[in-house]
Amino acid sequence: MSIELGHFALILAFAIATVSAVGGFAFWRSGQRIALVLSQGAVLQFILIAVAFAALIQAFVTSDFSLLLAANNSHSLKPLIFKISGVWGNHEGSMVLWIFILVAFGAMVATFGRKLPHDLLALVLATQSLLTSAFAGFTIFTSNPFARLIPAPIEGNDLNPVLQDIGLAIHPPLLYAGYVGFSICFSFAIAALVSGRIDQAWARWVRPWTMLSWTFLTLGIAMGSYWAYYELGWGGWWFWDPVENASFMPWLAGTALLHSALVMEKRNALKIWTVFLSIITFSLSLLGTFLVRSGILTSVHTFASDPTRGLVILTLLALVIGGAFALFAFRAASLRQGGLFAPVSREGALILNNLFLATAVGAVLVGTLYPLLLDALAGTTISVGAPFFNLTFGTLMAPLLLVLPFGPLLAWKRADIVSAAQRLIGAAALAIFVTILISALSGIAVSLAPLGLLLGFWVAFGAIAELVDRSKLGRIPLAESGRRLIGLPRSAWSTAIAHFGIGITVLGIVATSAWETERVTTLNPGESTELSGYTIAFDRFDTVEGPNYLSDEGHFTVTAPDGGTRQMLADRRTYVASGMPTTEAAIETYGFSQLYLQLGEPLDNTHVVRVWHKPYITLIWLGAILMACAGFLSLTDRKLRVGAPRRAAKSAAQAAE
Amino acid sequence: MPRAGVKHSGPMLFWFIAIAVTAIACAALFYAAGPRAVNAAAPELDDANSHFRLVLAGIDADVAAGKLGEPEAVAARGELAREILRLKAEAGRMVAPPHGLGRMPLLAGLGGIAVLALGLYAMLGSPDLPSQPLAGRDDAMAQQIDLDAAIARIEAQLTANPDDLRGWTVIAPAYLEMGRYADAARAYRRMMELGEPTADLQTSLAEALMLGADGAGSAEAMDLLRAAAASDPNHVLSRLYIAADLTRAGDYPAAAAAWQAALALSKGDEPWLPAAQQGLAVAQNGGVAPANAQEAEMIGQMVGGLADRLAAEGGSIAEWTQLVRAYLVLDDTDSAQAAYDAAVASYPQAFDRGDLDTLALGAGLTLNGAQP
């Protein structure tokens, strides 16, 4: 009966969400009572969706194939972790996960938001309920995860083998936490537009939510990239695949939102732009989650390409996104603009950041959607590949990274660019020196690589420069500097760490693109090959039986340039239930670099072996992890800070607007 | 479905729980609005005030910690004061809407929730279906016929009673299905000994013999098939096998006649018809699939067109792979190598080339692009 109770819980949550949305928008002015009722409703939605989700997990874990979803996506022999992750490794189940995270965020607002103005809280929760109602309704009517299958089959169809991986257990929940977290910013934006009121309390609320979502999204994207890297067997870590772009666009917009919300929280400026970005970011999140479901995009992520479902999704997206923008168009003018500032100031730098990020979103959006539109309208199939994205995106990011270190060193309201530049001279000199040193040592030919390295080092050292500057390192006794460093607000630390992380990621990307080597060859056991100083010996070939697959295993011994040897095991699995093969690449990490080995298709009496040496590739994900750590650090710093304007020495009167 | 009807209290119990859950949820919503609903005066302004007190405390703390200079603190307090004044002015203008959330709309909402939830579930749900976890289905699984166990049981019976025609009749096709051709042949022989050697039986035995010999015919199989064809003038399967075996043996005139004999029995919509027509064509053409000169020319033109286009405009790696494969199929290794080299020039990264390298390696082309 647990399945049916789960089904009922989902439907009851849908009913509560629907009535909450209608009631919330009708009575949001009625003060405390409506806010309290909606808060209770948000908590109830969370509990009920949790019950529904638990019922699905229960059915998967006990291999209850009378649940159609479990029969289609599970198998009794599957390891427990993949039985659980299989719940969201399909369209219907991932919808429930999406809604679960949505209502979890709603319940968090309801719980922690008791001090918000009542009308604001009521509107936020009503919008949140509207989203829940829309997507729970979509799930119930077009993709019901609780559909039954009687009689229950003896065995299930198993999950797509590529998805039977620990990466899938973690990647979607993180990514969804990021996507869905932006719904809070969206709801706050809608609330601001409906009520026509927007103040610093609003910004104080929006920024941590943005930070939390952005942090999860960063981790989710990094995780997904690493998953693609080791599971898809090609050693690529970013493909500019439409689905990857779909997760990258909200990240870019979210990064912009993070910075503009900062301006708004501290300086009460950029209000309308922040509202606009909140809507854009969540719209892109929706696009990211659902465009892949509409059947328009075909990729590993396409779970279902049922045309009705696609049409419903598109209609839903059009209503939510179009509705929000229409509201924005009608109401934005009624919002009061905020504080003024000089072009050269922290605010100005953040606007520059926003401009570049927004343009980058535009470029990626065009590259992703243009082929789809062309295909849909003209029937012409073109593919916009990596060269387009590398060119446009790279061109936009380079200047952004170039000015990035200046931002944190500029004062609010008006700043002195010369003094900021002076404080960065050390970082610039160091970056140039290190780049020349590395380029000379590695003997790279004239190419873009040294420029990329320079940019990476500049961003990384520039991020540290702020800390060095604020701790007066070298200008006062070391112990005093240490005390100052520790005493710096955590927000200063998190800014430095996040920017340092970007530099690290850039370095990883540049190094691995410039110095990657590869070898494709045929090997028999006993033979060996060589790559970038590593000797790879093919020891033996075995066929073994896994829990739900058969595996061809290649055992290799790798001798590193320094003489150390390590064992590597690459295998090709054939899953019993589906007959589908997957490749499991062998990856060995040497310092920050990795050796990536893939056992290819068997040929007559021999084996295709692909080996890549990827220098400093782990820096790409380490940088992302640093950014996420910075996000969490910033979240612990909830102390309220105003961005105090720095006054020009003698014109105190100018502090007034 | 051994357990579906066991408990008729299932749906009753379900509805009891569902209604209880709905009632609890509605009560929770009702009381959330209830007793605590004191009418705070201008709560918005209160909120704002507490917000500003926090900001002020933050500025003082920063000054005390030396993170903020006194002039900056004065400027920040000044900005704050302006913000407070603005908000006060705004609050003064705002007319608080007198109508609160009344009891009627609340009750209507709760009623709506109950009706919507229970009604929708009644439409979509299956309250009478129990869960059927794998552990609970074990007994059901045991009832499933396990092919191995069943065969072992029949074999045991047949050892005890080798004259059981029904037993052999059941087991022979099962053997054939499992690939145990020798056992299948033994079973069919025993059936022919025990009963009439019908055309079907003879054909099945011949089939088991041929499958056991990896498709190669034998004199015994041929004799059986001829006997089957002779005993039943309308027996198609035996005639098809005869024709196929004659074709395989290279006796094309006889094969052509045999195919025609089989085709003569056709009613025009049998699934074997295309295969038989193809077989006839092959036999009439001396064992070679009729080369359609026009078709070959068309293939050549298509390959040439693709090659020209790729050379002129470039193309996707899939198109290059298609071209290399086409040359390999046409046995034109030199062109295949040239096409492969051109593809490598367009896609220098092995990562982009995907399966093309595997194709080339398998065909023995030179893989100069594989060098790092």
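The chat below goes through strand pairing, domains and confidence in this predicted model.

Q: What are the overall scores of the model?
A: This is a predicted model, and its scores are ipTM 0.77 and pTM 0.73.

Q: Into which domains is chain A divided?
A: Chain A is split into domain 1 (1-164), domain 2 (416-515 + 623-637) and domain 3 (517-614). For domain 2 and domain 3 of chain A, the C-alpha centres are 37 Å apart.

Q: Now the strands: in which sense do β2(A) and β3(A) pair?
A: Strand β2 (residues 528-531) of chain A pairs with strand β3 (residues 534-545) of chain A in the antiparallel sense, over four bridges, and Thr529(A) is found opposite Ile536(A) in β3(A).

Q: And which residue takes a positive phi in that hairpin?
A: That is Ser532(A), with a phi near 45°, in a hairpin that has two residues between β2(A) and β3(A).

Q: How many bridges link β3(A) to β4(A)?
A: There are ten bridges, again in the antiparallel sense, between β3(A) and strand β4 (residues 549-559) of chain A. These two strands form a hairpin with three residues between them, and Arg540(A) faces His555(A) of β4(A) across the pairing.

Q: Switching to chain B, what is its average pLDDT?
A: The average for chain B is 76, with 78% of the residues scoring at least 70. Among its elements, helix α4 (residues 103-124) of chain B has the highest mean pLDDT, at 88, while helix α5 (residues 138-143) of chain B has the lowest, at 52.

Q: Where does it fall below 50?
A: Residues 1-8 of chain B are one such stretch, with five contacts beyond near neighbours in sequence; residues 36-44 of chain B are also below 50, with twelve such contacts. Where pLDDT is low, predicted coordinates should not be read in detail.

Conventions: Residues are numbered from 1 along each chain as its sequence is written. Chains are lettered from A and ligands numbered from 1 in the order in which they are written. This is a predicted model: local features need pLDDT of at least 70, side-chain atom pairs count only at pLDDT 80 or more; totals for chains, interfaces and linings use all residues. Two strands pair if DSSP finds at least two bridges between them. Domain bounds come from an automatic or database domain assignment. pLDDT is the predictor's confidence in each residue, from 0 to 100. Two residues are in contact if their C-beta atoms, placed from the backbone, lie within 7 Å.
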